[in-house]
Amino acid sequence: MTSAPVPAHPVPDRSGSFLDRLRPVWRDRAVMANLVAQILIVVTGGLVRLTASGLGCSSWPSCTPGHFTPTSHPATSYHAYIEFGNRTITGLLVVVSVAVVILAGLDRSRSAGYRALAWLPFAGVLVQAVIGGMAVRYELPPALVGSHMLISMGLVAASAWLWVRSREGDAASRWLVTTATRTLAAALCAMGAVVVVLGVVTTGAGPHSGDDQVGYRFAIDPLTMARIHAASVWVFVAVLALTIYQLQLRARQAGPAPRSGTAEPTQEGLGVAPAAPDPSVLRAGYRVLGVTLGQAVIGYVQVATHLPIALVNLHMLGAAALVVALTLFVGRLRARGLAPAPEVAPDALRAAGTAPA
């Protein structure tokens with residue numbers, strides 16, 4: 001007896017656990033909320049540093065001894081509210097990262113690597129809370145302040161990669177580009193890390209180092225550091241331009257790209273050069289270029305205008321955006337199949353009249 005075809009949109013499984021029913025709808029939302037929150041904490045943390053509010057709350061985890069929130073009295077400054085606001089965003093981030101752990105980190109249908117990645121934002125938030133407390137207690141040592149920012153940028157990258165992995169399966173990773181492009185992509189990631197690190201050092205060498213009593217935290221000439229940082233950005237742009245050129249060259253050589261979602265069976269393990277990259281890959285590369293050039297404009301303008309706080313904080317937001325754009329771009333250079341669909345119970349299919357008799 002022949003069975004009826006399974007419908008394009010199968011009946012959801014109502015027999016699984018509450019989490020199994022929740023994951024298809026809320027997992028991706030939680031992962032995206034985590035990414036947004038990780039970027040937001042960079043912005044609010046930058047505001048704390050730029051306004052020299054790092055010691056606005058004199059204690060941790062309470063803001064002042066005996067009071068969890070800032071106390072209002074004539075001597076209270078806006079620094080306490082800015083610092084406490086950043087701590088509040090940290091609390092929100094804890095909630096979101098816990099949701100990611102529950103919806104993605106405990107999903108037994110996904111690989112161990114994916115589940116471990118889903119735990120990383122939560123672990124990172126805990127580490128950041130400890131570092132933040134140490135920074136307050138030891139009066140903003142520059143190494144701790146700088147590492148606080150760098151770990152945040154690392155968590156932004158990890159959260160963006162979790163978004164990439166949530167939308168694909170757990171099959172073996174398959175590169176969609178040539179070896180030359182893969183090498184350039186690796187160099188691009190390395191240069192991106194250099195750009196971010198030098199940017200943090202540049203801020204610590206300048207007047208917005210986070211301490212209104214000391215004009216700098218790193219004993220380095222700010223203008224020299226800014227020039228070194230700018231040079232690293234232009235090296236990054238050069239590597240990015242070569243990567244985009246390689247993608248365009250391959251597209252011209254291979255002809256029209258296959259339809260999105262299709263795969264070339266001859267590419268799997270046979271050493272055949274990949275087909276033309278999907279147009280979305282090039283668009284992702286151009287987005288990285290656009291964010292980078294925007295960052296360059298902001299960087300030069302802020303130096304020319306003596307580093308206004310608004311522009312410096314916008315530059316920090318742009319740095320997080322650059323990390324996200326670069327991560328999503330690299331994610332499009334390889335594939336691991338489609339994300340697993342929610343399982344459908346045989347009883348549910350039989351009730352719909354689509355299961356074999």
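**Helix packing and local features of the predicted model**

Of the 357 residues of the chain, 41% count as buried. The model is predicted. The chain holds 9 helices and 2 strands. From the N terminus on, the order of elements is α-α-α-α-β-α-α-α-α-β-α. Among contacts with a separation of 6 or more, 76% join residues 24 or more positions apart.

Helix packing was examined for α1. Two packed helices are described by the angle between their axes and the distance between the axes. Against helix α4 (residues 142-166), the axis of α1 comes within 9 Å and crosses at roughly 160°. An angle over 145° counts as roughly antiparallel, so α1 is roughly antiparallel to α4. The crossing of this pair is left-handed. On the α1 side, the contact is made by Arg27, Asp28, Val31, Met32, Asn34, Leu35, Gln38, Ile39, Ile41, Val42 and Arg49. On the α4 side, Val145, Met149, Ser152, Met153, Leu155, Val156, Ser159, Ala160, Leu162, Trp163 and Ser166 take part.

Helix α1 also packs with helix α8 (residues 309-331). Here the angle is about 150° and the axes are 9 Å apart. The two helices are therefore roughly antiparallel to each other. The crossing of α1 and α8 is right-handed. Its contact is made by Leu35, Ile39, Val42, Val43, Gly46, Leu47 and Leu50 of α1. From α8 come Ile309, Val312, Asn313, Met316, Leu317, Ala320 and Val324. Leu35, Ile39 and Val42 of α1 take part in the contact with α4 and also in the contact with α8.

Two arginines lie over aromatic rings. The charged end of Arg29 sits over the ring of Trp26, 4.7 Å from the ring centre. Arg110 lies over the face of Tyr114, at 4.0 Å from the centre of that ring.

Pairing between aromatic rings was examined next. The count comes to 1 aromatic pair. That pair is formed by Trp119 and Phe122, with 6.4 Å centre to centre and 75° between the planes. Planes over 60° apart count as edge-to-face, so the pair is edge-to-face. Both residues belong to helix α3 (residues 112-137). They are 3 residues apart in that helix, so about one helical turn separates them. Trp119 is partly exposed, at 38% relative accessibility. Phe122 is partly exposed too, with a relative accessible area of 23%.

Several pairs of residues link separate stretches of the chain. Asp20 is placed in helix α1. Along the sequence, Asp20 and Asp107 are 87 residues apart, but their C-alpha atoms are 8.3 Å apart in space. Asp20 is partly exposed, with a relative accessible area of 44%. Cys63 lies in the loop between α1 (18-50) and α2 (78-105). Its relative accessible area is 0%. Buried means under 20%, so Cys63 is buried. Cys63 and Phe84 are 21 residues apart in sequence and 6.9 Å apart in space, C-alpha to C-alpha. Val197 belongs to helix α5 (residues 179-205). Between Val197 and Leu150, 47 residues apart along the chain, the C-alpha separation is 7.0 Å. Val197 is partly exposed, at a relative accessible area of 37%.

Backbone geometry in one loop deserves a note. Most residues other than glycine have a negative phi. His306 is not a glycine, yet its phi is positive, at about 65°. Leu307 also has a positive phi, near 55°. His306 is found in the loop between α7 (279-304) and α8. Leu307 is found in the loop between α7 and α8 as well. Their accessibilities fall in separate classes. His306 is exposed, with a relative accessible area of 71%, whereas Leu307 is partly exposed, at 24%.

Conventions: Residues are numbered from 1 along each chain as its sequence is written. This is a predicted model: local features need pLDDT of at least 70, side-chain atom pairs count only at pLDDT 80 or more; totals for chains, interfaces and linings use all residues. Side-chain values use heavy atoms; hydrogens and water are left out. Helices (H or I, at least four residues) and strands (E, at least two) are DSSP runs, numbered from the N terminus. Buried means under 20% relative accessible area, exposed over 50%, partly exposed in between (1.4 Å probe, protein chains only). Rings of Phe, Tyr and Trp (its six-membered ring) pair if their centres lie within 6.5 Å; planes under 30 degrees apart count as stacked, over 60 as edge-to-face and the rest as tilted. A charge sits over a ring if NZ of Lys or CZ of Arg is within 6 Å of the ring centre and within 35 degrees of the ring normal. Axes are lines fitted to C-alpha atoms, for helices over the stretch in contact, and angles run from 0 to 180 degrees between N-to-C directions. Angles under 35 degrees count as roughly parallel, over 145 as roughly antiparallel, 65 to 115 as roughly perpendicular and the rest as oblique. A crossing is left-handed if the near helix is turned anticlockwise from the far one by less than a right angle, and right-handed if clockwise. Contact means heavy atoms within 4.5 Å.
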